[in-house]
Amino acid sequence: MATQTVDIAPAVSKFIARTHQLLIGGRWVAPKAGKAFDVFNPATGDVLARCADGQKEDVDAAVAAARKAFESGPWPAMTVSERGKLVWKLADLLEAHLEEFAQLESLDNGKPVAVARVADVPLSVDLLRYMAGWATKIEGDTIPISVPYAPGEKFLAYTLREPVGVVGQIIPWNFPLLMAAWKLGPALAAGCTIVLKPAEQTPLSALRLGDLVCEAGFPDGVVNVVTGFGETAGAPLAAHPGVDKVAFTGSTEVGKLIVKAAAGNLKKVSLELGGKSPNIVYADADLETAIPGAASAIFFNHGQCCCAGSRLFVEKGVFDKVVDGVAAAAKKIKLGPGLNLDTDMGPLVSSEQFERVTGFLDAGRKEGAKAVCGGGSPGGKGYFVQPTVLVDTRPEMKVVREEIFGPVVAAIPFSDPEQLVRDANNTNYGLAAAVWTRDVSKAHRVAAAIRAGTVWINCFNIFDAALPFGGYKESGWGREMGHEVLKNYTEHKAVCVRL
Ligand code: ADP
């Protein structure tokens, strides 16, 4: 059967051909130093677009615009209902351009357009709508107080939740649009103003979203988008004394740099970082769902998920069956460019990521791990890596300890349930975990024992705008999504009145 390829929409071709600038103060402006960088199509390695290479002076201008919009003009004067309506309008506009965003995301990141159509774009729309609803519900409390040293006096005490201020948001390349929505939605609902720094590998959907922000009618300077590299645009944003809070999603390594950079003015920090999630299959699980579930837990988005189920613990009696099943699923995965409709898995995002993942595979082999399927690159153009299942690993191996961020799972047999929990928790990370079993009590016991921000039971990768997501340990600070995320973007003020 001939491969069906999606025709690139005229709006997408036109957008890609544009000379991309920076969104500062409601206008698209050239970077001050006039530099640009290439963005690549990971399916071919060819140049896809050129974007402004923002530097410190551009970050300064964007922060100044965000400060002005935070302190004066229509944004702080707006009612919370008007604010919520604007966020909802942004969601409507995004939904109206679903196909365009799905194609942009596929071209820029490499993911199958079919996945972007049903996951990345709709999840982003849904998140914005969920957060739009919160704009009118960010409430303080009235608090009865006693004040023991003021006998006979009466007080009224209440709290206000106020926007934290100017927010720097630095996002990664694995879900470029969705990460932008996760960040912008709650910050806007809370009344903050924003400087968004998308990843240099995948800036296109954030730039197009910038167009929609302008079209929706957000006041100038409420959302600013500065493209550029981590060290030259991200680092000055994280360190900027005019920024009140930095929200970061990316690697744990860079997360630690963000914390250091933020120390200068002690800006508030939230971090959603790496993971090495244990995915635990018990012998009493429904293997008909657990096996495809374990495959999708690691291979979804080419393993480029911070929560990827990259350590597959399988109870001994069913180890071979589960490993064979996951390997069989891996072998069926069709690699190809994201715009081909029969593609199950696209390329990794960049040549660096390709080198990194294949480097892990080499290291695993050298240390004695065995690939039961996949194991490297299929060859040819683009940054493709075969979905890989490793066995015969040991806990100290790099492939078991470190986040690979690619389609590579280490399958590890277990027999002792207590040792299993210790092994599952034997990681610096604590983002997510999953348990597959028919035994309800066991499922809840293990869910409680795992030190991770999310535990899925008999499922994996279930995300919802209402469900908080974030990490224990070195997987981060704070939570994304749910009403919990609003804490990242608000200050809590106590007001006390003597009556
Ligand atoms: P990866 O290593 O997978 O590319 P990173 O954590 O490096 O992921 O990148 C996530 C985001 O952090 C990107 O937008 C990147 O530009 C940015 N970034 C990288 N280094 C720094 C840094 N030193 N300071 C601030 N942001 C950075």
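A salt bridge here is a side-chain nitrogen of Lys or Arg within 4 Å of a carboxyl oxygen of Asp or Glu. Across the interface of domain 1 and domain 2, the rule finds 1 salt bridge. This is a predicted model, where local features need pLDDT of at least 70, side-chain atom pairs count only at pLDDT 80 or more, and totals for chains, interfaces and linings use all residues. Residues are numbered from 1 along each chain as its sequence is written, and side-chain values use heavy atoms, with hydrogens and water left out.

**The two domains**
- Domain 1 covers 10-273 + 476-496, and domain 2 covers 278-464. These bounds come from an automatic or database domain assignment.
- The domain centres, taken over C-alpha atoms, are 31 Å apart.

**The interface**
- In domain 1, 29 residues are in contact with 29 residues of domain 2. Contact means heavy atoms within 4.5 Å.
- About 2200 Å² is buried between the domains, and carbon and sulfur atoms give 65% of this area. Buried area is the accessible area (1.4 Å probe) that two parts lose on being put together, summed over both.
- Aspartate 46 forms a salt bridge with lysine 381, with the closest N and O atoms 3.7 Å apart.
- Helix 5 (98-109) and helix 6 (113-134) each supply at least two residues of the side of domain 1 that touches domain 2. Helix 5 gives the most to that side, with 5 residues. Helices (H or I, at least four residues) and strands (E, at least two) are DSSP runs, numbered from the N terminus.

**Salt bridges in total**
- The rule counts 26 salt bridges.
- Arginine 498 forms one with glutamate 153, and their closest N and O atoms are 3.5 Å apart.
- Arginine 498 lies in strand 19 (490-498) and glutamate 153 in the loop between helix 6 and strand 5 (155-163), so the pair ties together parts 345 residues apart in sequence.

**Aromatic pairs**
- The count comes to 11 aromatic pairs. Rings of Phe, Tyr and Trp (its six-membered ring) pair if their centres lie within 6.5 Å; planes under 30 degrees apart count as stacked, over 60 as edge-to-face and the rest as tilted.
- Tyrosine 282 and phenylalanine 414 form an edge-to-face pair, 5.4 Å centre to centre, with 85 degrees between the planes.
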